[in-house]
Amino acid sequence: MSSDVKPTEVLDVRGEVCPYPDVKTQKKLKKMKSGEVLEVLVDYPLSAERIPRSAEKQGHQVLKAEKTGTGEWRILIKIK
Amino acid sequence: MIDTSLMFSGLAVGLIFGFALQRGRFCMNSAFRDIILMKEYTLLKAVALAIVVQMIGFHLMATMGYIQLYPKTLYWGAMIFGGFIFGIGMVLAAGCASGTTYRVGEGMMGSFVALLGLMIGGLMTKAGALKELKSYLQPTEGALKAITSDNPGDLIGNSNLTLANVFGLDPWIFVAIITIIVLAVLILKRGDEETKAEGTLYEKIFKRGWNWWVTGIAIGIIGITAFLAFKKYALGISGGWFGFLDALITGDPEKLNWFTFLVIGVVIGAAIAAVIAGEFKLRAPDAKRLLQQFIGGLIMGVGAVIGTACNIGHILSGIPQLALSSILGGAFIVLGCWATAYIMFMRG
């Protein structure tokens, strides 16, 4: 994937504590339509690993889960 | 003042423990809460494996005569009440005692605030405004008094109850049964949570989160090392922080204990791990969340003193000794966690 996918919505949960990044991501994923892309910005390491894992388990497609800086991650999820 | 060699061993074990906690994201609040909240079992597997490794290690060392086991005293009312409110507190604080401590090292100011609450709540209950509640639930007489054993067994250094001596059986029977059951479940239910094995060994150790089984074995071995170093118990977190604040306020270095040096080591070890991995960042949630975490920490502190231990003292260090007190306290920590997680995140 050379060019970036444009996200439909952005969820910025930086600063949030366990488990709010996960809970808020789940809420958002449920509201979005199939084919749409959610971008999650997170700075909590456990959630940065757990969000892609649970999204995949639910059948969504994780387009990207990358570290963008010190203690910051960006996750792109395509809704199933 | 504790002697210098114990200070250094506490600090050294703490450094390694903190490193492993940060790399393994080892938090029991997440481990238990996520069972019901997300049907996620990764951290739970690490906790289960760490318990089994320590259970075998502790009993092996006790059988060989290197240590004696020190199961905690069974005050049943205190274990139920203290455990349950500790479980409530850790969900509000967004981390158990160990999770909160290692996250301070990652630069999470919300956890720092929770830790202040934990220390204050603990001292309040030990010697302050709530000390009557503690003595009510840990009395020397009456229905709530400690239940002890007349024949605790060869491996045990006090008269407290374990799963083995309450039935008058050899502890190795329970060690074997529990080990077989836990390992069988871990093997049969092994999932695909393994982080994809890419990169060099250096990157796997220092740059990425560890696989659950690496974390479980590492923390198990650290717990065994702690018992060998300290002799009187294995790992513990909350008691170390209470001693820290007590020493700061009273100016009495006698208040510092082995665990105080351990927890200071944990913060430094976690900070080192986070810096190397590029995960250290000073960060804070909003005001409402900070208040929530402070209250959570305060409740954890009260619960840890009444229940005589936090999640580490009970679940990680006490259950491997087969202590009935820790099994009861640990069960109510989990119940308090589930009740609170349900109310906060799962209704509606």
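## A chat about chains A and B

Guide: Let's start with chain B. Chain B has 16 helices and 0 strands. Keep in mind that this is a predicted model.

Visitor: What does the model score?

Guide: The ipTM is 0.91 and the pTM is 0.95.

Visitor: And what is the mean pLDDT of chain B?

Guide: For chain B the mean is 95. Of its residues, 97% reach 70 or more. Where pLDDT is low, predicted coordinates should not be read in detail.

Visitor: How about the radius of gyration of chain B?

Guide: Chain B comes out at 19 Å. A compact globule with 348 residues would be near 20 Å, so the value agrees.

Visitor: What box do its C-alpha atoms fill?

Guide: Roughly 55 × 50 × 45 Å, taken along the principal axes of chain B.

Visitor: Let's look at two helices. How do helix 5 and helix 13 of chain B cross?

Guide: Helix 5 covers residues 97-106 of chain B, and helix 13 covers residues 258-277. Their axes come within 7 Å and cross at roughly 50°. Helix 5 and helix 13 of chain B are therefore oblique to each other.

Visitor: Left-handed or right-handed?

Guide: The crossing of these two helices is right-handed.

Visitor: Which residues meet there?

Guide: Helix 5 of chain B brings B:T101, B:Y102, B:V104, B:G105 and B:E106. Among those they meet in helix 13 are B:V263, B:V266, B:G269 and B:A274. Sorted by class, this contact has 9 nonpolar, 3 polar and 1 charged residues.

Visitor: Switching to the contact between the chains. How many residues does each give?

Guide: Chain A gives 16 residues and chain B gives 21. On the side of chain A, the elements giving two or more residues are helix 1 (20-31) and helix 2 (45-57).

Visitor: Which gives the most?

Guide: Helix 2 of chain A, with 6 residues.

Visitor: What classes are on that side of chain A?

Guide: The residues of chain A that touch chain B divide into 6 nonpolar, 4 polar and 6 charged.

Visitor: Last one. Where is the cis peptide bond in chain A?

Guide: The cis bond joins A:C18 and A:P19, with omega about -5°. A:P19 sits in the loop between strand 1 (9-12) and helix 1 of chain A. Most peptide bonds are trans.

Conventions: Residues numbered from 1 in each chain as written. Chains lettered and ligands numbered in written order. Predicted model: local features only at pLDDT ≥ 70, side-chain atom pairs only at ≥ 80, totals over all residues. Contact = placed C-beta atoms within 7 Å. Helix = DSSP H or I, 4+ residues; strand = E, 2+ residues; numbered from the N terminus. Nonpolar A, V, L, I, M, F, W, Y, C, P; charged D, E, K, R; others polar. Axes fitted to C-alpha atoms, helices over the stretch in contact; angles between N-to-C directions. Parallel < 35°, antiparallel > 145°, perpendicular 65-115°, else oblique. Left-handed = near helix turned anticlockwise from the far one by under 90°. pLDDT = per-residue confidence, 0-100. Rg over C-alpha atoms; globule rule 2.2 N^0.38 Å.
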